[in-house]
Amino acid sequence: MPAFKKIVVTGAAGFVGSHVAEAIVEMYPDSQIVLFDKMTYASHSDNVIHLLRDKRVEFQLADLCDPDSCIKAVNGADLVVHLAAESHVDNSFGNSLLFTRSNVLGTHTLAEAARSHNVGLFVHVSTDEVYGQILEGDVDETAKLNPTNPYSASKAAAEMVLNGYQKSYGMPIIMVRANNIFGIRQFPEKILPTFIMRMLHGMKLQIHGSGKNCRRYLAATDFAAGVLKIIEKGTIGEAYNIGSDEEFTNSEVANMICGLFDRDPGEWVTYVDDRPFNDFRYAISYDKVKALGWARKVNVADRLPQMITWYSENQDRYPHFTRLANGGR
Ligand SMILES: NC(=O)c1ccc[n+]([C@@H]2O[C@H](COP(=O)([O-])OP(=O)(O)OC[C@H]3O[C@@H](n4cnc5c(N)ncnc54)[C@H](O)[C@@H]3O)[C@@H](O)[C@H]2O)c1
């Protein structure tokens, strides 16, 4: 197991970042750990507060686009795990420049700080959406990047910046691309937490378009274990897909949630206008990470009851839902 003196996790107060940070704090008991986050609307202090009880762990409130903050974070670090990003596709149609700013300029600024301070390993968390829609079969890590919306385009652009750093400066980078990740602490704008919160507030579920679009679902805890496996055993300069075979259409997801709340989908599901462009399906093969010894452990159906309990007990984290349920915006 490599020993790291100082590890930086960006986006740690967000959904996936908080799970990765938890796994890193546990896996590396001797490392100093910096949790770096700007605290956008999608983050929550309660996502990380439990980690800050450990004296080795500190929080840095900062924007990726600020070079001095990035330098402060990476100074003396031998591992950076970069998850911070604007992450919601729907928002990217309305404010795409923010996505380019945080995801591309922010990644570039962090990479430049890491390069100039000789960070030993930079793990960049990207997404399966960079491959664009995959109508049949699945794609491996050699597939061409073909993003179709401002979010995935900004993630692909960030990868290209890092590709340049890898080739020009020999910067030690590993790319990780994952499919839809689910679990507790995800801001209720993505499908699963939104559906759960709407059911908890007695609101109908809304599906974009026909409901036939499908996604594959991977548990956040499995994803975090995959990132650790890649840190331990991955090859510098390579990309790794971390995926799942659990594929559901959006209608199937709505039916599952209705079933758990004992409600009739015919009454509780409505269909609304689709996104400007909505990839029909994403599908990645993940043999390469399996070959490192990683395996998926958690199924959606096993985790949903726990998620429902968690969202029910933590509704006060998301006051915008109460406002929505009361007829506000
Ligand atoms: N959630 C998924 O299904 C999924 C799937 C594949 C890849 N990813 C990738 O995983 C990463 C984390 O996704 P998530 O779902 O946890 O997103 P999230 O929106 O829940 O969290 C993102 C975090 O990044 C922080 N952040 C945003 N802009 C920042 C900036 N300029 N400076 C510093 N911090 C900033 C936010 O405050 C937030 O805490 C992203 O890079 C995303 O592209 C997510």
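This note covers the ligand site and the domain layout of a predicted model.

1. The shell around the ligand holds 31 residues. Val16, Asp37, Ser87, Tyr151 and Lys155 come nearest. By class, the shell residues divide into 14 nonpolar, 12 polar and five charged.

2. **Where the shell comes from.** Helix H1 (15-27) and helix H5 (150-169) each supply at least two residues of the shell. Strand E5 (121-127) and strand E7 (180-182) also each supply at least two.

3. Val16, one of the nearest residues, places a backbone N or O atom 2.7 Å from an oxygen atom of the ligand. Thr40 has a backbone N or O atom 2.9 Å from an oxygen atom of the ligand.

4. A polar backbone atom of Leu64 is 2.9 Å from a nitrogen atom of the ligand. How much of the ligand's accessible area does the protein cover? The ligand has 830 Å² on its own, and the protein covers 97% of it.

5. **Domain layout.** The domain assignment gives domain 1 as 6-181 + 217-242. Domain 2 is assigned as 188-215 + 246-280 + 299-323. Both are therefore written as separate segments of the chain in this assignment. The C-alpha centres of domain 1 and domain 2 lie 26 Å apart.

6. **Domain interface.** How many residues of each domain are in contact? Domain 1 contributes 20 residues and domain 2 contributes 19. An interface's size is often given as the accessible area lost when the parts come together. Here domain 1 and domain 2 bury about 1,600 Å² between them. Of that area, 51% is on carbon and sulfur atoms.

Definitions and conventions. Residues are numbered from 1 along each chain as its sequence is written. This is a predicted model: local features need pLDDT of at least 70, side-chain atom pairs count only at pLDDT 80 or more; totals for chains, interfaces and linings use all residues. Side-chain values use heavy atoms; hydrogens and water are left out. A residue is near a molecule or strand if one of its heavy atoms lies within 4 Å of it. A polar contact is a pair of N or O atoms within 3.5 Å; within protein, one must be able to donate a hydrogen and the other to accept it, and residues adjacent in sequence count only if both atoms are side-chain atoms. Accessible areas come from the Shrake-Rupley method with a 1.4 Å probe; for residues, only the protein chains shown count as cover. Helices (H or I, at least four residues) and strands (E, at least two) are DSSP runs, numbered from the N terminus. Ala, Val, Leu, Ile, Met, Phe, Trp, Tyr, Cys and Pro count as nonpolar, Asp, Glu, Lys and Arg as charged, and the others, Gly among them, as polar. Contact means heavy atoms within 4.5 Å. Buried area is the accessible area (1.4 Å probe) that two parts lose on being put together, summed over both.
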